[in-house]
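Please prepare a short briefing on the packing of helices and strands in the structure shown below.

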Amino acid sequence: MKPLVRNAALSSYVEVSQSPGVDPQALMKRVGLDPVGLVVQDRWISGAAVIQLLELSAAASHREDFGLLLAERRRFSNLGPISLVIREEPDVRSAIELLVRHEYMYNEMLRSRLSEASGLATLKVSLELGEAMAARQATELAVGAFHQVLRSFLGARWQPASVCFTHGAPADTRTHRRIFGPVVEFDQEFNGIVFQTSDLDALNPMSDPLLRTYARQYFESIAVSRDTTALGRVRELIEVLLPTGRCSIEQVAGSLGVDRRTVHRHLSASGETFSSLLNATRTQLAEQFVANPRRSLTEISGLLGFSAPSAFSRWFSERFGCSPSQWRTQRTRQQALAEE
């Protein structure tokens, strides 16, 4: 399947595109992205569609710096769960190495590499697209995002030795020089950032040693393998889409950047169908949610993607042999007996 990125890759896209008078919803629909689904930050969407969207937006807004304008608004939270860990790393080297090592958790297209030589550190950034397509804006967004991360650790006055891009300079370089300073260079051999190795040894001012262990433990509990199977990717998307009420094979296929037949084929190879995986995921989540007395059954119905609580109750009774309220009562009694 084609590489995916988290919805968070388009954080602030609507605001940035509307400023020069572009219709963001029209452009998103043109590349097959769901404007409504953009609010779900952890939803995975087609990387190729995101790249096309950024290029179209740059052209429509007549802003060659469109990707950089997005990068300028990047925050730690846009990285997802990994942001909780890198914020607590003891120094810049540890944080960047963690970010590079687990890049697939927030962007499957991203290929970054950190190297050190002769007192300089080089962070090279590339995109593995799977097809030939222009990616100037996505490249500048990726490099700009890394620059933002480094600056968050090293301070607003920090400046690298150079910021490099393989593409040519835009007609107007003011945004590039405002963000990167006079060290930005074009028509170079790689995309990335060159800075002093000593910067990597800088202590992380945000780190709390007491929280570091907890952050690591949390991250290890949710970290996924780079080699996540198609079955796992579909299951993850089902979990994300269920609360939106739009969990269908068409939505999943669109997020994966393929057609529904391709999804069926991959699931069939694992002995599953979309319906069986949907029910299995719902069943697992239902047990988890209903066992929690702080969640109302109406709330759980919505989280599992049912249009009404009555539909949820019928489904639950068919799967578990009793109503949700009866199951919850039985579970509470069993837990009480076990604690006696």
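How are α11 and α14 oriented to each other? They are oblique to each other, a class left for angles that are not under 35 degrees (roughly parallel), over 145 (roughly antiparallel) or 65 to 115 (roughly perpendicular). This is a predicted model, in which local features need pLDDT of at least 70, side-chain atom pairs count only at pLDDT 80 or more, and totals for chains, interfaces and linings use all residues. Residues are numbered from 1 along each chain as its sequence is written, and side-chain values use heavy atoms, with hydrogens and water left out.

**The helix pair**
- Helix α11 (residues 230–241) packs with helix α14 (residues 274–290) at about 55 degrees, their axes lying 10 Å apart.
- Axes are lines fitted to C-alpha atoms, for helices over the stretch in contact, and angles run from 0 to 180 degrees between N-to-C directions.
- Helices (H or I, at least four residues) and strands (E, at least two) are DSSP runs, numbered from the N terminus.
- In α11, L231, V234, R235, I238 and E239 meet F274, L277, L278, T281 and L285 of α14; contact means heavy atoms within 4.5 Å.

**The sheet**
- Five strands form an open sheet with mixed pairing, in the order β3-β4-β7-β5-β6; two strands pair if DSSP finds at least two bridges between them.
- At the edges are β3 (110–117) and β6 (184–185), each pairing on one side only.
- Strands β4 (residues 120–127) and β7 (residues 192–196) pair in the antiparallel sense over five bridges.
- A121 stands opposite F195 in β7.
- Helix α6 (residues 92–101) packs on the sheet and touches β3 and β4, its direction making about 145 degrees with that of β3.
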